[in-house]
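I put the sequence and the model here before my notes.

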Amino acid sequence: MTRRRDDERTVANAHRLMRRADREVTDPEHVARIIAKCSIVRIAYMDAEGLTIVPMNFAYRFVPDVDTSPNLTLYFHSSHLGRKIDAIKASGNRLEVAFEMEADCEIIEGRTPCNWGEAFSSVIGNGTASIVEDMKERHDALALLMSQQAGIEHVEFTDQQVRSVTVWKVRADHLTAKSRPAHRKA
């Protein structure tokens, strides 16, 4: 098993291999379990004001299939006004973004200060943000948000309620997952 890849370099329009190969998660079912544990995703993007990052509650659809990688769509709701929505509109409804989410975070004590670390599971990637125009997809996304964030199933929204917010999504173009479990003392 490869532990580290110390010879990787950045190449334009390519994705480098993960340096800590021993922590890389490649099993789609394992990636799905990590995403299911996360409640916040951070979305980073560049707009006319510069580079920014924003934490968001989210819902998602992920098909853990090796042949259709990554097949992840993240859903959000926002006000009709604001920096995120302005950036998506200014991009022609195709805003390039990066995203990050993590779970299972726990400090790992070391014998010396330099040996401390952190247990975690994370997913990072990039994709395209766009405003959802289709009313059925908007209804479905808001119901999914209520299910995943609040644990309330089968919520139905009126068209007026759906129109009162902007529903938007990020379709992942690429993602990677990584995990460093905590070692439990027996």
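How many salt bridges does the count come to by the rule I used? I took a salt bridge to be a side-chain nitrogen of Lys or Arg within 4 Å of a carboxyl oxygen of Asp or Glu, and by this rule the count comes to 7.

Before going on, I noted that this is a predicted model, in which local features need pLDDT of at least 70 and side-chain atom pairs count only at pLDDT 80 or more, while totals for chains, interfaces and linings use all residues. I also noted that residues are numbered from 1 along each chain as its sequence is written, and that side-chain values use heavy atoms, with hydrogens and water left out.

**Entry: salt bridges**

I looked up E100 and R42, whose side chains meet in a salt bridge at 3.1 Å, N to O. The pair links distant parts of the chain, with E100 in strand β6 and R42 in strand β2, 58 residues apart; helices (H or I, at least four residues) and strands (E, at least two) are DSSP runs, numbered from the N terminus. R42, E100 and E102 are linked in a network of salt bridges.

For exposure I used relative accessible area, where buried means under 20%, exposed over 50%, and partly exposed in between (1.4 Å probe, protein chains only). E100 counts as partly exposed at 21%, and R42 is partly exposed at 28%.

I then turned to E137 and K169, whose side chains meet in a salt bridge at 3.0 Å, N to O. E137 lies in helix α3 and K169 in strand β8, so this pair ties together parts that are 32 residues apart in sequence. Is K169 buried or exposed? At 11% relative accessibility K169 counts as buried, whereas E137 is partly exposed at 21%.

**Entry: helix α3**

Helix α3 covers residues 135-150, and its 16 residues reach 22 Å from the first C-alpha to the last, close to the 22 Å expected (the expected span is 1.5 Å times one less than the number of residues). I listed its buried residues as R138, H139, A141, L142, L144, L145 and S147, and what covers them includes β3, β5 and β8. At the start of α3, a side-chain oxygen of D134 reaches to within 3.2 Å of the backbone nitrogen of K136, and just after the helix G151 takes a positive phi of about 70°.

**Entry: strand β2**

In β2 (residues 40-47) I found a covered face made of V41, I43, Y45 and D47, and an uncovered one made of I40, R42, A44 and M46. In a regular strand the side chains alternate between the two faces of the sheet. Strands pair if DSSP finds at least two bridges between them; 8 bridges join β2 to β3, and the two run antiparallel, forming a hairpin with 2 residues between them. Y45 stands opposite T52 in β3, while I43 stands opposite F99 in β6.

**Entry: helix α2**

The buried residues of α2 (residues 83-90) are I85, A87 and I88. Why are they on the same side of α2? They cover an arc of only 160° around the axis, the arc being that of the directions from the helix axis to the C-beta atoms. On the other side of α2, K89 and A90 are exposed.

Technical notes: Contact = heavy atoms within 4.5 Å. Polar contact = N/O pair within 3.5 Å; in protein donor to acceptor, adjacent residues only side chain to side chain.
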